[in-house]
Amino acid sequence: MKTGCLLIHGWAGAPFEMEPLVHPLEVFGCVVSNCTLPGHGTTFDDFCTTWFEDWAAGAEQAYEELAQRVDRVVVIGLSMGGTLALHLASKYPVAGVVTMASPVYVYKLFPPQMKDWRLPFVGLLRHVRPIWPGSPRRAEANEIAPWEGYDGVTSLPQLWSLMEGVKKAGRTLDRVTAPLLAMHCPTDRTAPSGNVWEIMRKVSSKYRRMELIPIEETVTAHHMLTTHRETRERVCGLIQDFLVKTVGL
């Protein structure tokens, strides 16, 4: 039986962040599709014309194309990619779902969980100042946890769409019945670690496994589990073990 693995990258990122998984999965005999979501991998202007519905549709198209080539599909995503993997698992008969640092909410007020105090005001700020400049990623952080994507600037309308989209995905978690592996760093400063507990609590999967993966360095946001030098090998090993136990590779 031929197994396909659909890899889904995060918001404003690129397939680059999922690349460390490609070879280890191919060695296991999987057919790997490392998809590019709409508006990603081109220009920031392109990104600013897409919304969560477009990213979800892109993931669905990638799933359907891979499903035609294999007997079963496991969906694997980092950050928003994991949220989209959960979305796919709520809609399609996937063989398994893997999330890494994935949100079903971006922030919470009580108790306070958020990367930036301005997040609760994005709905208003997107009308006042749609494009918000920021500091590019530090070279030291990129050396520890490599990343490629739209850096140094944030489009607030797209951020608002992300925030609303992940909440919507969170409301359909009970439809997820496929085996689940959910990984998160307890000190993730981008997607609060409370997300992984909410995912585990709300899915209907009979097989569900949570792995909290600590990171010691104090430079990065502890979010890029697939490329981070402290976590990437463990992540690959956990996914391989998950595939052995759930789909019999």
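In this predicted model, tyrosine 207 is partly exposed because its relative accessible area is 29%, which falls between the limits of 20% and 50%. Phenylalanine 242, by contrast, has a relative accessible area of 0% and is therefore buried, the limit being under 20%.

**The pair of tyrosine 207 and phenylalanine 242**
- A tilted aromatic pair is formed by tyrosine 207 and phenylalanine 242, with 6.0 Å centre to centre and 50° between the planes.
- This pair links distant parts of the chain, 35 residues apart.
- Tyrosine 207 belongs to the loop between helix 8 (194–202) and strand 8 (208–212), while phenylalanine 242 belongs to helix 9 (residues 232–247).

**Aromatic pairs in the whole structure**
- Eight aromatic pairs are found when the whole structure is searched.
- Tyrosine 63 and tyrosine 92 form a tilted pair, at 4.5 Å centre to centre with 40° between the planes.
- Distant parts of the chain are linked here too: tyrosine 63 lies in helix 3 (residues 52–67) and tyrosine 92 in the loop between helix 4 (80–91) and strand 4 (96–100), 29 residues apart.
- Tyrosine 63 and tyrosine 92 are both buried.
- A cluster linked by ring pairs consists of Trp11, Phe44, Phe47, Phe52, Trp55 and Tyr150.

**Charges over rings**
- Over the face of tyrosine 105 lies lysine 108, at 4.5 Å from the ring centre.
- Arginine 129 places its charged end over the ring of tryptophan 132, 4.6 Å from the centre of that ring.

Conventions. Residues numbered from 1 in each chain as written. Predicted model: local features only at pLDDT ≥ 70, side-chain atom pairs only at ≥ 80, totals over all residues. Heavy atoms only, no water. Phe/Tyr/Trp six-rings, centres within 6.5 Å; stacked < 30°, edge-to-face > 60°. Helix = DSSP H or I, 4+ residues; strand = E, 2+ residues; numbered from the N terminus. Buried < 20%, exposed > 50% of the residue type's maximum accessible area, 1.4 Å probe, protein only. Lys NZ or Arg CZ within 6 Å of the ring centre and 35° of its normal.
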